[in-house]
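Please keep the sequence and the structure in view while reading.

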Amino acid sequence: MSDDEANVTTITPTFDYSEYWHTDFDFAPCNTSDLTTFGKVFLPILYSLVFILGFIGNGLVVCVLANYRNLTNLTDICIFNLALSDLLFILMLPLYSHYSMASHWSFGDFMCRFAAASHKTGFFSSIFFMVVMSLDRYMVIIHGFKVAQYRTLKAGMAMSVVVWMLSLSVSLPSFIFARVTNESYGVGCDYDPDSNGWKLYNIFAINILGLVIPLLVMTACYFRIIPTLMSLRSAKKHRVIKLIISIVVAFFLFWAPYNISLFLKYLKAKGKLQGDECSLESDLKLAVAVTEAFAYTHCCLNPIIYAFVGQKFTKRAVQMLRNCMPCIPLPSTIDLSDSTYRKSSIMSRSSDVTSTFIK
C-alpha cells in the first residue's frame with residue numbers, strides 16, 4: 001500500500017535498472033536478489049497463513065453473531081462489521097500471494113483496481129470500526145445512563161453505513177489510480193497516480209487516518225476508561241483492563257512499524273534521506289515488505305481480542321459447531337447449560353463494558 005506499489009508489497013526483479021535509465025552507465029545496478037528470494041518464498045507462505053487463519057477466525061465471528069443476532073447490541077454490531085472488514089481485507093491475499101510468487105500480475109486491469117480498492121477499504125474500515133468501538137465503550141462507561149437510549153439497533157446500522165461509506169471514499173483513489181503496468185520484470189499491478197499530490201495523499205491517508213488519529217482516539221478513550229473501571233467493585237475489571245490495554249498495544253505494535261517504513265521510503269524518494277543509494281533502497285524495500293506482512297497478521301488477532309476472550313462467545317461458538325457437526329466432541333471445560341448463561345447475564349448487567357458475547 002505504498003505510494004509506488006500495489007496494496008501488497010511485491011518483491012520483483014533480481015536487478016532493478018529503473019534508477020539507472022537516466023544516469024551514466026558507469027554505475028552497476030543494485031543487486032536485489034535477497035529481496036527477490038524473500039518475496040517469492042516468505043511472502044506467499046505468510047499471506048496464505050494469514051488468509052486461512054483470518055478467514056476461519058473472522059468467519060466464525062460473523063456466523064456466531066448472525067446466528068444469535070437477537071442478542072446483539074451496538075458493540076456486537078461493531079464486532080460483526082470489524083470481522084467483515086477483516087474478511088474483505090484478506091480475501092485479496094491469494095491474488096497478491098500469486099503476484100508475489102510469480103512477479104507477474106495475471107488477473108487483468110479491472111481486478112488490479114478492484115483488488116487494490118477492496119484491500120484498502122478493508123484496511124480502513126477495520127481501523128475505523130475499532131475507533132467506533134473505543135468511542136462506544138467510552139460513552140457507555142463514562143456516560144452510561146445518558147447514552148443508553150441512543151444505543152439502538154437503528155443507530156448501530158446507521159453508524160455502520162457511515163463507516164463503510166467513509167472507508168469507500170478514502171479508498172476510492174486506489175481504484176482510480178491502480179493499474180496494470182509494464183515493468184522490466186514483466187506485468188505489474190501498481191498504485192500509479194499521475195501527480196505527486198495523490199502520492200502524498202496515499203502516504204497521508206495510511207499514516208494519519210490509518211495510525212495517528214485512531215491511536216490518539218483509542219488512547220484518549222481508554223485513558224479515561226481505565227480509572228473508572230478501577231473504581232468498580234467487579235471481579236471482571238482486571239480482565240477488562242487487560243483486554244483494553246492489549247487492544248491499544250497490539251494495534252500500535254503491529255501497524256506502527258509499517259507506517260514508519262512507508263514514511264521513511266517517502267522521505268528517501270524526496271531526497272531527504274542520505275546514504276548509499278543501493279544499500280538504502282534495498283533496506284527500505286525489505287523493511288516495507290517485512291513490516292507490511294507483519295501488520296497483516298493483526299486481522300487474525302482481532303477475533304481473539306474482541307470475541308474469543310469472552311466465555312459466552314466461546315460457548316455460543318461451540319454450541320453452533322455442535323449443531324452443525326454433532327460428531328465434534330465437546331470439551332469438558334465448556335458448560336452450555338442455560339443456568340450458566342443466566343448467571344453470566346446477571347453478573348454482567350452492572351457494567352456494559354464489552355459486547356454481549358465478551359461478557
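A residue is called buried when its relative accessible area is under 20%, exposed when that value is over 50%, and partly exposed in between. These terms are applied here to a predicted model.

Ser-97 belongs to helix α3, and it counts as buried because its relative accessibility is 8%, whereas the cut-off is under 20%. Leaving aside residues up to four places away in sequence, Ser-97 is in contact with Pro-44, Tyr-47 and Ser-48. After α3 comes Ser-103, which has a positive phi, near 55°.

Helix α1, comprising residues 33-67, contains Leu-49. With a relative accessible area of 46%, Leu-49 is partly exposed, because this value falls between 20% and 50%. Leu-49 also takes part in a nonpolar patch on the surface, together with Val-41, Ile-45, Ile-52, Leu-53, Phe-55, Ile-56 and Leu-91. The accessible area of these residues together is about 760 Å².

Which residues of the largest nonpolar core touch the most other members? They are Phe-251, Trp-255 and Tyr-306, in a core of 67 residues. Helix α8, residues 237-269, gives the most to this core, contributing 12 residues. Another core, of 10 residues, lies apart from it and includes Met-92, Ala-115, Ala-116 and Cys-189.

Technical notes. Residues numbered from 1 in each chain as written. Predicted model: local features only at pLDDT ≥ 70, side-chain atom pairs only at ≥ 80, totals over all residues. Heavy atoms only, no water. Patch = residues over 30% accessible without salt bridge, like charges linked within 9 Å, V, L, I, M, F, W, Y side chains within 5 Å. Areas by Shrake-Rupley, 256 points an atom, 1.4 Å probe, with all protein chains shown as cover. Salt bridge = Lys/Arg side-chain N within 4 Å of Asp/Glu carboxyl O. Helix = DSSP H or I, 4+ residues; strand = E, 2+ residues; numbered from the N terminus. Buried < 20%, exposed > 50% of the residue type's maximum accessible area, 1.4 Å probe, protein only. Contact = heavy atoms within 4.5 Å. Core = buried A, V, L, I, M, F, W, Y, C linked by side-chain atoms within 4.5 Å.
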